[in-house]
Amino acid sequence: MNLNIEAATRGKKQKLIINAPRKKRKRATSLDVKKARAGWIFVLPFVIGFFFIYLPIIFDSIRFSFNEMQMVIGGGYKLIFVGLENYHNALFADPNFVTTLLSGVKQLILDVPSIVIFSLFVALILNQKIAGRAAFRAIFFIPVILTTGLISEIDAGNILASIQGSTAGIDDGSGQTSTAAEIVSVMDFEALFSNMMIGTEIVEYVVGLVNNIFNIVNRCGVQMLIFLSGLQSISPAIYESCSIDGASGWETFWKITLPMMSPMILVNSIYTIIDSFTSSDNHVMAYIASVMEQSGGDVLASAMYWIYFLIVIIIVAAVAGLLSAFVFYQRKD
(Lines give C-alpha, C1' and ligand atoms only; values in the text may rest on other atoms or scores of the structure.)
Protein backbone atom coordinates (compact mmCIF):
# COMPACT_ATOMS: atom_id res chain seq x y z
CA MET A 1 0.00 0.00 0.00
CA ASN A 2 2.85 2.33 0.78
CA LEU A 3 4.29 1.59 -2.65
CA ASN A 4 1.02 2.65 -4.30
CA ILE A 5 0.97 5.94 -2.34
CA GLU A 6 4.60 6.69 -3.29
CA ALA A 7 3.87 5.88 -6.95
CA ALA A 8 0.82 8.17 -6.94
CA THR A 9 2.83 10.92 -5.25
CA ARG A 10 5.58 10.60 -7.82
CA GLY A 11 3.02 10.79 -10.60
CA LYS A 12 1.53 13.94 -9.14
CA LYS A 13 4.97 15.48 -8.75
CA GLN A 14 5.85 14.65 -12.32
CA LYS A 15 2.54 16.03 -13.52
CA LEU A 16 3.07 19.26 -11.62
CA ILE A 17 6.56 19.66 -13.03
CA ILE A 18 5.46 19.00 -16.57
CA ASN A 19 2.45 21.30 -16.46
CA ALA A 20 4.27 24.18 -14.68
CA PRO A 21 4.50 27.28 -16.91
CA ARG A 22 8.02 28.17 -18.04
CA LYS A 23 9.32 31.66 -17.63
CA LYS A 24 10.01 33.40 -20.91
CA ARG A 25 13.54 34.73 -21.16
CA LYS A 26 13.95 38.11 -22.75
CA ARG A 27 16.32 38.05 -25.66
CA ALA A 28 19.13 40.45 -25.12
CA THR A 29 19.54 42.88 -28.00
CA SER A 30 22.93 42.49 -29.61
CA LEU A 31 25.35 45.39 -29.96
CA ASP A 32 25.10 45.33 -33.77
CA VAL A 33 21.32 45.70 -33.61
CA LYS A 34 21.65 48.64 -31.21
CA LYS A 35 24.18 50.30 -33.51
CA ALA A 36 21.89 49.75 -36.49
CA ARG A 37 18.95 51.34 -34.68
CA ALA A 38 21.08 54.31 -33.63
CA GLY A 39 22.27 54.69 -37.21
CA TRP A 40 18.72 54.78 -38.55
CA ILE A 41 17.79 57.38 -35.95
CA PHE A 42 20.66 59.61 -37.08
CA VAL A 43 19.87 59.28 -40.81
CA LEU A 44 16.10 59.54 -40.34
CA PRO A 45 15.99 63.35 -40.93
CA PHE A 46 17.85 62.90 -44.21
CA VAL A 47 15.59 60.03 -45.31
CA ILE A 48 12.46 62.06 -44.55
CA GLY A 49 13.85 65.12 -46.32
CA PHE A 50 14.91 63.04 -49.33
CA PHE A 51 11.53 61.44 -49.88
CA PHE A 52 9.38 64.50 -49.19
CA ILE A 53 11.60 67.32 -50.54
CA TYR A 54 14.35 66.12 -52.89
CA LEU A 55 12.57 63.23 -54.60
CA PRO A 56 9.71 65.41 -55.98
CA ILE A 57 12.31 67.93 -57.23
CA ILE A 58 14.26 65.17 -58.96
CA PHE A 59 11.09 63.87 -60.59
CA ASP A 60 10.18 67.36 -61.84
CA SER A 61 13.69 67.85 -63.22
CA ILE A 62 13.47 64.62 -65.21
CA ARG A 63 10.02 65.62 -66.46
CA PHE A 64 11.25 69.07 -67.56
CA SER A 65 14.18 67.60 -69.49
CA PHE A 66 11.80 65.69 -71.82
CA ASN A 67 9.34 68.53 -72.35
CA GLU A 68 9.10 72.02 -73.75
CA MET A 69 7.73 74.76 -71.54
CA GLN A 70 5.13 77.20 -72.84
CA MET A 71 3.82 80.04 -70.76
CA VAL A 72 0.05 80.26 -70.36
CA ILE A 73 -1.79 83.58 -70.56
CA GLY A 74 -2.89 84.56 -67.08
CA GLY A 75 0.02 82.80 -65.34
CA GLY A 76 1.48 79.34 -65.17
CA TYR A 77 3.03 77.14 -67.81
CA LYS A 78 2.27 74.11 -69.95
CA LEU A 79 4.62 71.24 -70.74
CA ILE A 80 4.73 69.73 -74.23
CA PHE A 81 6.53 66.41 -74.65
CA VAL A 82 9.47 66.70 -77.09
CA GLY A 83 11.44 63.55 -76.28
CA LEU A 84 15.23 63.87 -76.51
CA GLU A 85 15.19 67.24 -78.25
CA ASN A 86 16.57 69.09 -75.22
CA TYR A 87 19.42 66.60 -74.90
CA HIS A 88 20.20 66.99 -78.61
CA ASN A 89 20.22 70.76 -78.28
CA ALA A 90 22.51 70.61 -75.27
CA LEU A 91 25.07 68.41 -77.03
CA PHE A 92 24.92 69.68 -80.61
CA ALA A 93 23.11 73.02 -80.76
CA ASP A 94 24.82 74.74 -77.82
CA PRO A 95 28.44 75.49 -78.83
CA ASN A 96 29.70 76.13 -75.30
CA PHE A 97 28.28 73.27 -73.23
CA VAL A 98 30.48 70.46 -74.59
CA THR A 99 33.58 72.68 -74.48
CA THR A 100 32.89 73.65 -70.87
CA LEU A 101 32.16 70.04 -69.99
CA LEU A 102 35.44 68.77 -71.48
CA SER A 103 37.45 71.47 -69.74
CA GLY A 104 35.80 70.58 -66.43
CA VAL A 105 36.64 66.88 -66.85
CA LYS A 106 40.22 67.78 -67.81
CA GLN A 107 40.58 69.97 -64.73
CA LEU A 108 39.18 67.12 -62.63
CA ILE A 109 41.85 64.74 -63.94
CA LEU A 110 44.50 67.24 -62.88
CA ASP A 111 43.03 68.16 -59.49
CA VAL A 112 41.99 64.80 -58.00
CA PRO A 113 45.44 63.13 -57.93
CA SER A 114 47.10 66.28 -56.59
CA ILE A 115 44.52 66.74 -53.81
CA VAL A 116 44.63 63.08 -52.72
CA ILE A 117 48.44 62.89 -52.78
CA PHE A 118 48.88 66.21 -50.98
CA SER A 119 46.34 65.30 -48.28
CA LEU A 120 48.08 61.94 -47.74
CA PHE A 121 51.43 63.71 -47.49
CA VAL A 122 50.07 66.17 -44.89
CA ALA A 123 48.40 63.36 -42.93
CA LEU A 124 51.68 61.42 -42.77
CA ILE A 125 53.44 64.49 -41.38
CA LEU A 126 50.72 65.32 -38.85
CA ASN A 127 50.62 61.70 -37.68
CA GLN A 128 54.18 61.97 -36.39
CA LYS A 129 54.85 62.65 -32.72
CA ILE A 130 55.72 66.34 -32.93
CA ALA A 131 55.13 69.23 -30.56
CA GLY A 132 51.91 71.11 -31.30
CA ARG A 133 50.47 68.35 -33.45
CA ALA A 134 46.86 69.24 -32.57
CA ALA A 135 47.44 72.89 -33.45
CA PHE A 136 48.90 71.99 -36.86
CA ARG A 137 45.91 69.74 -37.57
CA ALA A 138 43.54 72.59 -36.76
CA ILE A 139 45.53 74.98 -38.98
CA PHE A 140 45.27 72.68 -41.97
CA PHE A 141 41.52 72.24 -41.40
CA ILE A 142 40.79 75.98 -41.06
CA PRO A 143 40.57 76.53 -44.88
CA VAL A 144 37.71 74.02 -45.04
CA ILE A 145 35.73 76.17 -42.60
CA LEU A 146 36.67 79.44 -44.32
CA THR A 147 35.52 78.24 -47.76
CA THR A 148 31.99 77.21 -46.74
CA GLY A 149 28.73 79.06 -46.30
CA LEU A 150 28.59 82.77 -45.61
CA ILE A 151 32.37 83.13 -45.33
CA SER A 152 32.76 81.79 -48.87
CA GLU A 153 30.28 84.38 -50.18
CA ILE A 154 32.16 87.16 -48.40
CA ASP A 155 35.44 85.92 -49.85
CA ALA A 156 33.91 85.87 -53.33
CA GLY A 157 33.37 89.63 -53.05
CA ASN A 158 36.87 90.27 -51.81
CA ILE A 159 38.36 93.03 -53.96
CA LEU A 160 41.94 92.04 -53.20
CA ALA A 161 41.31 88.44 -54.25
CA SER A 162 39.73 89.60 -57.50
CA ILE A 163 42.75 91.80 -58.24
CA GLN A 164 45.10 88.90 -57.55
CA GLY A 165 43.13 86.67 -59.88
CA SER A 166 42.99 89.32 -62.57
CA THR A 167 44.11 88.27 -66.03
CA ALA A 168 45.26 91.74 -67.01
CA GLY A 169 48.83 90.59 -66.58
CA ILE A 170 52.07 92.03 -65.31
CA ASP A 171 54.90 92.98 -67.65
CA ASP A 172 58.09 91.44 -66.28
CA GLY A 173 60.30 92.47 -69.22
CA SER A 174 60.45 88.98 -70.72
CA GLY A 175 57.95 89.66 -73.46
CA GLN A 176 55.26 87.63 -71.67
CA THR A 177 52.74 88.66 -69.06
CA SER A 178 51.90 86.77 -65.91
CA THR A 179 48.91 87.21 -63.66
CA ALA A 180 49.25 88.33 -60.06
CA ALA A 181 47.96 84.96 -58.82
CA GLU A 182 50.73 83.02 -60.58
CA ILE A 183 53.60 81.91 -58.36
CA VAL A 184 55.75 80.58 -61.18
CA SER A 185 55.52 80.66 -64.94
CA VAL A 186 56.18 78.07 -67.62
CA MET A 187 59.41 79.85 -68.54
CA ASP A 188 60.77 79.29 -65.02
CA PHE A 189 60.27 75.53 -65.21
CA GLU A 190 61.47 75.34 -68.80
CA ALA A 191 64.74 76.92 -67.69
CA LEU A 192 64.92 74.48 -64.74
CA PHE A 193 64.11 71.33 -66.75
CA SER A 194 65.83 72.32 -69.99
CA ASN A 195 68.61 69.74 -69.53
CA MET A 196 66.34 66.96 -68.19
CA MET A 197 64.54 66.17 -71.47
CA ILE A 198 61.09 66.69 -69.90
CA GLY A 199 58.11 67.38 -72.17
CA THR A 200 56.24 70.66 -72.15
CA GLU A 201 53.00 68.94 -71.07
CA ILE A 202 54.58 67.83 -67.78
CA VAL A 203 56.04 71.29 -67.26
CA GLU A 204 52.63 72.90 -67.80
CA TYR A 205 51.04 70.39 -65.40
CA VAL A 206 53.60 71.17 -62.68
CA VAL A 207 53.13 74.90 -63.24
CA GLY A 208 49.37 74.50 -62.92
CA LEU A 209 49.75 72.58 -59.64
CA VAL A 210 52.09 75.17 -58.12
CA ASN A 211 49.89 78.09 -59.14
CA ASN A 212 46.81 76.22 -57.85
CA ILE A 213 48.35 75.36 -54.48
CA PHE A 214 45.94 77.65 -52.59
CA ASN A 215 42.90 75.82 -53.98
CA ILE A 216 44.50 72.43 -53.34
CA VAL A 217 45.18 73.25 -49.67
CA ASN A 218 41.61 74.53 -49.25
CA ARG A 219 40.14 71.30 -50.56
CA CYS A 220 42.29 68.72 -48.75
CA GLY A 221 41.02 69.25 -45.18
CA VAL A 222 38.38 66.50 -45.10
CA GLN A 223 40.63 64.07 -46.97
CA MET A 224 43.42 64.77 -44.50
CA LEU A 225 41.16 63.84 -41.55
CA ILE A 226 40.12 60.60 -43.26
CA PHE A 227 43.75 59.68 -43.89
CA LEU A 228 44.64 60.53 -40.28
CA SER A 229 41.93 58.21 -38.97
CA GLY A 230 43.24 55.47 -41.27
CA LEU A 231 46.84 55.96 -40.15
CA GLN A 232 45.87 55.81 -36.48
CA SER A 233 43.97 52.56 -37.04
CA ILE A 234 47.17 50.76 -38.10
CA SER A 235 48.54 48.73 -35.21
CA PRO A 236 51.92 49.96 -33.89
CA ALA A 237 52.95 46.31 -33.50
CA ILE A 238 53.17 46.04 -37.30
CA TYR A 239 55.66 48.90 -37.47
CA GLU A 240 57.61 47.42 -34.56
CA SER A 241 57.91 44.08 -36.33
CA CYS A 242 59.09 45.85 -39.49
CA SER A 243 61.70 47.74 -37.49
CA ILE A 244 62.93 44.52 -35.88
CA ASP A 245 63.24 42.91 -39.33
CA GLY A 246 65.40 45.85 -40.44
CA ALA A 247 62.96 47.47 -42.88
CA SER A 248 63.65 51.11 -43.72
CA GLY A 249 61.04 53.87 -43.51
CA TRP A 250 60.75 53.90 -47.31
CA GLU A 251 60.09 50.14 -47.44
CA THR A 252 57.64 50.37 -44.56
CA PHE A 253 55.65 53.04 -46.37
CA TRP A 254 55.34 51.09 -49.63
CA LYS A 255 54.85 47.64 -48.08
CA ILE A 256 52.73 48.49 -45.01
CA THR A 257 51.34 52.02 -44.90
CA LEU A 258 50.24 52.45 -48.50
CA PRO A 259 48.48 49.05 -48.87
CA MET A 260 46.65 49.51 -45.57
CA MET A 261 45.65 53.05 -46.58
CA SER A 262 44.27 51.91 -49.95
CA PRO A 263 40.62 51.82 -48.73
CA MET A 264 41.01 55.43 -47.57
CA ILE A 265 42.52 56.36 -50.94
CA LEU A 266 39.44 54.92 -52.65
CA VAL A 267 37.06 56.83 -50.36
CA ASN A 268 38.97 60.10 -50.73
CA SER A 269 39.18 59.77 -54.50
CA ILE A 270 35.42 59.34 -54.85
CA TYR A 271 34.76 62.12 -52.34
CA THR A 272 37.13 64.49 -54.17
CA ILE A 273 35.49 63.76 -57.54
CA ILE A 274 31.99 64.45 -56.21
CA ASP A 275 33.19 67.53 -54.32
CA SER A 276 34.88 68.88 -57.48
CA PHE A 277 31.78 68.33 -59.61
CA THR A 278 29.44 69.97 -57.12
CA SER A 279 31.59 72.85 -55.84
CA SER A 280 30.33 76.40 -56.18
CA ASP A 281 33.29 77.43 -58.36
CA ASN A 282 32.75 74.60 -60.85
CA HIS A 283 32.65 76.08 -64.37
CA VAL A 284 30.14 73.53 -65.67
CA MET A 285 27.69 74.18 -62.84
CA ALA A 286 28.09 77.93 -63.30
CA TYR A 287 27.43 77.66 -67.04
CA ILE A 288 24.31 75.53 -66.57
CA ALA A 289 23.05 78.02 -63.97
CA SER A 290 23.54 80.84 -66.49
CA VAL A 291 21.54 78.87 -69.08
CA MET A 292 18.72 78.40 -66.56
CA GLU A 293 18.50 82.16 -66.02
CA GLN A 294 17.76 82.71 -69.69
CA SER A 295 14.19 82.88 -70.97
CA GLY A 296 12.84 79.34 -71.39
CA GLY A 297 16.15 77.83 -70.31
CA ASP A 298 14.75 75.69 -67.53
CA VAL A 299 14.11 72.64 -69.69
CA LEU A 300 17.45 72.91 -71.50
CA ALA A 301 19.30 73.35 -68.21
CA SER A 302 17.54 70.28 -66.80
CA ALA A 303 18.79 68.21 -69.72
CA MET A 304 22.32 69.59 -69.21
CA TYR A 305 22.19 68.72 -65.53
CA TRP A 306 21.23 65.13 -66.24
CA ILE A 307 23.92 64.76 -68.89
CA TYR A 308 26.39 66.10 -66.38
CA PHE A 309 25.04 63.74 -63.70
CA LEU A 310 25.46 60.69 -65.96
CA ILE A 311 29.04 61.68 -66.77
CA VAL A 312 29.79 62.06 -63.06
CA ILE A 313 28.33 58.62 -62.33
CA ILE A 314 30.38 57.05 -65.14
CA ILE A 315 33.61 58.66 -63.89
CA VAL A 316 32.91 57.65 -60.29
CA ALA A 317 32.15 54.05 -61.34
CA ALA A 318 35.31 53.90 -63.48
CA VAL A 319 37.53 55.24 -60.68
CA ALA A 320 35.91 52.97 -58.09
CA GLY A 321 36.32 49.92 -60.34
CA LEU A 322 39.96 50.77 -61.12
CA LEU A 323 41.01 51.46 -57.54
CA SER A 324 39.04 48.53 -56.10
CA ALA A 325 41.41 46.16 -57.88
CA PHE A 326 44.28 47.49 -55.73
CA VAL A 327 42.46 47.91 -52.41
CA PHE A 328 43.74 45.83 -49.50
CA TYR A 329 41.30 45.05 -46.69
CA GLN A 330 42.80 43.92 -43.39
CA ARG A 331 41.20 40.82 -41.90
CA LYS A 332 40.05 41.27 -38.32
CA ASP A 333 39.75 37.59 -37.41
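Analyst: In this predicted model, helix 4 and helix 14 pack with their axes 10 Å apart, at an angle of about 135°. That angle makes helix 4 oblique to helix 14, and the crossing of the two is right-handed.

User: Which residues of helix 4 and helix 14 make that contact?

Analyst: From helix 4 the contact uses L108, V112, I115 and V116, and from helix 14 it uses I265, N268, S269, T272, I273, S276 and F277.

User: And how do helix 14 and helix 16 cross?

Analyst: The axes of helix 14 and helix 16 come within 10 Å and cross at roughly 165°, so helix 14 is roughly antiparallel to helix 16. Residues on the helix 14 side of this contact include I265, L266, I270 and F277, while helix 16 brings in, among others, Y308, V312, I315 and L323. Helix 14 passes helix 16 in a right-handed crossing.

User: Which residues touch the most other members in the largest nonpolar core?

Analyst: That core has 36 residues, and those touching the most other members are F97, F227, I273, F277, I288, M304 and Y308. The elements that give two or more residues to this core are helix 3 (85-93), helix 4 (97-126), helix 11 (221-232), helix 13 (249-260), helix 14 (262-278), helix 15 (283-293) and helix 16 (298-324).

User: Back to helix 4 for a moment: at what angle do helix 4 and helix 15 cross?

Analyst: Helix 4 and helix 15 cross at roughly 155°, with axes that come within 8 Å, and because of that angle helix 4 counts as roughly antiparallel to helix 15. F97, T100, L101 and G104 of helix 4 make this contact with H283, V284, Y287 and I288 of helix 15.

User: What does F118 touch?

Analyst: F118, which is found in helix 4, touches I213, I216, V217 and C220, not counting residues up to four places away in sequence. The C-alpha atoms of F118 and C220 are separated by 7.4 Å, although the two residues are 102 residues apart along the chain. F118 has 21% relative accessibility and therefore counts as partly exposed.

User: Changing topic, is S65 buried or exposed?

Analyst: S65 counts as buried, because its relative accessibility is 0%. This serine lies in helix 2 (residues 31-65), and, again not counting residues up to four places away in sequence, S65 touches G83, N86, Y87, V299, S302, A303 and W306.

User: What about strands, how do strand 1 and strand 2 pair?

Analyst: Strand 1 (residues 67-71) and strand 2 (residues 77-81) pair in the antiparallel sense over five bridges, and M71 stands opposite Y77 in strand 2. The hairpin they form has five residues between the strands, and there G74 takes a positive phi near 100°.

User: Last one, how many helices and strands does the chain have, and what share of its residues is buried?

Analyst: The secondary structure comes to 16 helices and four strands, and 25% of the 333 residues count as buried. Among contacts in the chain with a separation of 6 or more, 61% are between residues 24 or more positions apart.

How values were computed
Residues numbered from 1 in each chain as written. Predicted model: local features only at pLDDT ≥ 70, side-chain atom pairs only at ≥ 80, totals over all residues. Heavy atoms only, no water. Pairing = 2+ DSSP bridges. Core = buried A, V, L, I, M, F, W, Y, C linked by side-chain atoms within 4.5 Å. Buried < 20%, exposed > 50% of the residue type's maximum accessible area, 1.4 Å probe, protein only. Axes fitted to C-alpha atoms, helices over the stretch in contact; angles between N-to-C directions. Parallel < 35°, antiparallel > 145°, perpendicular 65-115°, else oblique. Left-handed = near helix turned anticlockwise from the far one by under 90°. Contact = heavy atoms within 4.5 Å.
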